[in-house]
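I am keeping these notes while I look through a structure for the first time. I want to write down what I looked up and what I found.

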Protein chains: 2
Amino acid sequence: MTDPERFAATPQPPYYAVIFSSQRSGADDEAYQAMAARLDELAARQPGFLGFESVRDASGFGVTVSYWASLDAIAHWKAEATHLQAQALGKGGWYTRFELRVSKVERAYGFGATPTTP
Amino acid sequence: MTDPERFAATPQPPYYAVIFSSQRSGADDEAYQAMAARLDELAARQPGFLGFESVRDASGFGVTVSYWASLDAIAHWKAEATHLQAQALGKGGWYTRFELRVSKVERAYGFGATPTTP
């Protein structure tokens, strides 16, 4: 039932979360998937990357939360990701809208397969 | 294309985000929908509630981010929501797993329908 791959294995707080909410335009799906895969690879290679959780429904609305050890790690990743995403927006118009929020996780707890973090 | 209802109209940071990632068990859908609707109403009535963004895919994995003016507002809401969710978990086993993270939004920007927040 539970797919552990969908949940990020984050450490004890504090750490950082980048909350990316977006509406896909529906255009150019294959190219979008390729760009998304490149962004995922890029994130996973960055120092300080802790994991991500991502979901998009059939309407094209999605939320992706990536977790990071520090603001420096986010800044470094953003410099590379922005370049790719700018190409994406310029070429494909892949999002009709997005909102990006950088936040500091102060508390966390869970229920289910893994040890909880009270 | 863009449904403005899916995006939360948040103010300039700082404010708080509660990131709730969950895997639905698939059990008891009608009762779950009723509970989810009650939780949404409850949140919207709370002082300091700023909005939420929520998405769940066909596999039952979902991310809901609710936005709050203060930690006090979250604590007040949590006291009521926990009661409902405890009933939910006890009665329905509606989630096989969840992770909840409380974070402070420090920066935000967007692209699309609304004025951006650089």
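Which residues in helix 1 of chain A are buried? Before answering, I note that this is a predicted model. I looked up the helix and found that Tyr32(A), Met35(A), Ala36(A), Leu39(A), Leu42(A) and Ala43(A) are buried, taking under 20% relative accessible area as the cut-off. They lie on the same side of helix 1 of chain A because they cover an arc of only 125° around the axis. I reminded myself that an α-helix has 3.6 residues a turn, so residues three or four places apart point the same way.

I then turned to the face of helix 1 of chain A that looks away from the buried side, and there I found the exposed residues Glu30(A), Ala44(A) and Arg45(A). I also checked the length of this helix: its 17 residues, 29-45, reach 24 Å from the first C-alpha to the last, close to the 24 Å expected at 1.5 Å a residue.

Next I asked what helix 1 of chain A lies across. I found strand 1, strand 2, strand 3 and strand 4 of chain A, and the helix runs at about 155° to strand 2 of chain A. In chain B, helix 1 packs on the sheet and touches strand 1, strand 2, strand 3 and strand 4 of chain B, with its direction at about 155° to that of strand 2 of chain B.

Last, I followed the sheet itself, which is open, has eight strands and pairs in the antiparallel sense, in the order 2(A)-3(A)-1(A)-4(A)-4(B)-1(B)-3(B)-2(B). Its edge strands are strand 2 of chain A and strand 2 of chain B, each of which pairs on one side only.

Terms used
Residues are numbered from 1 along each chain as its sequence is written. Chains are lettered from A and ligands numbered from 1 in the order in which they are written. This is a predicted model: local features need pLDDT of at least 70, side-chain atom pairs count only at pLDDT 80 or more; totals for chains, interfaces and linings use all residues. Side-chain values use heavy atoms; hydrogens and water are left out. Helices (H or I, at least four residues) and strands (E, at least two) are DSSP runs, numbered from the N terminus. The expected span of a helix is 1.5 Å times one less than its number of residues. Buried means under 20% relative accessible area, exposed over 50%, partly exposed in between (1.4 Å probe, protein chains only). The arc is that of the directions from the helix axis to the C-beta atoms. Two strands pair if DSSP finds at least two bridges between them. Contact means heavy atoms within 4.5 Å. Axes are lines fitted to C-alpha atoms, for helices over the stretch in contact, and angles run from 0 to 180 degrees between N-to-C directions.
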